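Welcome to this guided tour! Open your viewer, get ready to select residues, and follow along stop by stop.

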Amino acid sequence: MSVVEALQEVLKKALVHDGLARGLREAAKALDRRQAHLCVLAENCDEKEYVRLVEALCAEHNINLIKVPDSKQLGEWAGLCKIDREGNARKVVGASCVVVKDIGEDSEAMNILLEHFRSRQA
């Protein structure tokens with residue numbers, strides 16, 4: 001399982017357990033209150049201040065930050081879309097920042113992400 005697949009699985013489980021903060025306002029609140037386990041930021045976010053704020057909050061509170069290439073893809077993973085009868089995502093809304101507050105149960109996917117963060121710090 002790759003890191004991207006593991007991230008997708010963790011976001012799906014957190015969404016089921018109502019443990020996601022989506023958008024800058026919710027994400028900044030969760031990061032500042034230290035409720036976050038993980039922060040996901042889209043690389044194609046065009047607001048530099050937005051990116052600096054999220055990166056600074058993550059660094060200040062020692063919260064793991066991972067970046068994904070596309071905000072539409074992140075929005076789909078975070079549940080900001082409609083699913084049609086065939087199971088395809090429709091009307092996907094982009095999300096520049098998503099914070100995982102509640103992981104749900106421990107899973108192999110979360111262990112892969114934690115190992116990824118440990119290897120990046122070393």
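A crossing of two helices is called left-handed if the near helix is turned anticlockwise from the far one by less than a right angle, and right-handed if clockwise. Keep that in mind for the second stop. This is a predicted model, where local features need pLDDT of at least 70 and side-chain atom pairs count only at pLDDT 80 or more, while totals for chains, interfaces and linings use all residues. Residues are numbered from 1 along each chain as its sequence is written, and side-chain values use heavy atoms, with hydrogens and water left out.

**Stop 1: the sheet**

Helices (H or I, at least four residues) and strands (E, at least two) are DSSP runs, numbered from the N terminus. Two strands pair if DSSP finds at least two bridges between them. Show the strands, and you will find an open sheet of four in the order S1-S6-S2-S3, with mixed pairing. Strands S1 (20-22) and S3 (64-68) are at the edges with a single partner strand each, so one side of each has no neighbour in the sheet. Now select S6 (residues 97-100): S1 and S6 pair in the antiparallel sense over three bridges. Alanine 21 has valine 99 in S6 as its bridge partner.

**Stop 2: two helices**

Next, select helix H2 (residues 24-32), which lies across S1, S2 (38-42) and S6. How do H2 and H3 pack? Their angle is about 20 degrees and their axes are 9 Å apart; axes are lines fitted to C-alpha atoms, for helices over the stretch in contact, and angles run from 0 to 180 degrees between N-to-C directions. That makes H2 roughly parallel to H3, a term for angles under 35 degrees. The crossing of H2 and H3 is left-handed. Show side chains, and Leu24, Ala28, Leu31 and Asp32 of H2 meet Tyr50, Leu53, Val54, Leu57 and Cys58 of H3, where contact means heavy atoms within 4.5 Å.

**Stop 3: two buried residues**

Select histidine 61, in the loop between H3 and S3. Histidine 61 is buried, with a relative accessible area of 12%; buried means under 20% (1.4 Å probe, protein chains only). Beyond residues up to four places away in sequence, histidine 61 touches Leu31, Asp32 and Arg34.

Finally, go to alanine 109 in helix H5 (residues 108-121). Is alanine 109 buried or exposed? Alanine 109 is buried, with a relative accessible area of 2%. Alanine 109 and serine 2 are 107 residues apart in sequence, yet 8.9 Å apart in space, C-alpha to C-alpha.

Note on methods: Buried means under 20% relative accessible area, exposed over 50%, partly exposed in between (1.4 Å probe, protein chains only). Angles under 35 degrees count as roughly parallel, over 145 as roughly antiparallel, 65 to 115 as roughly perpendicular and the rest as oblique.
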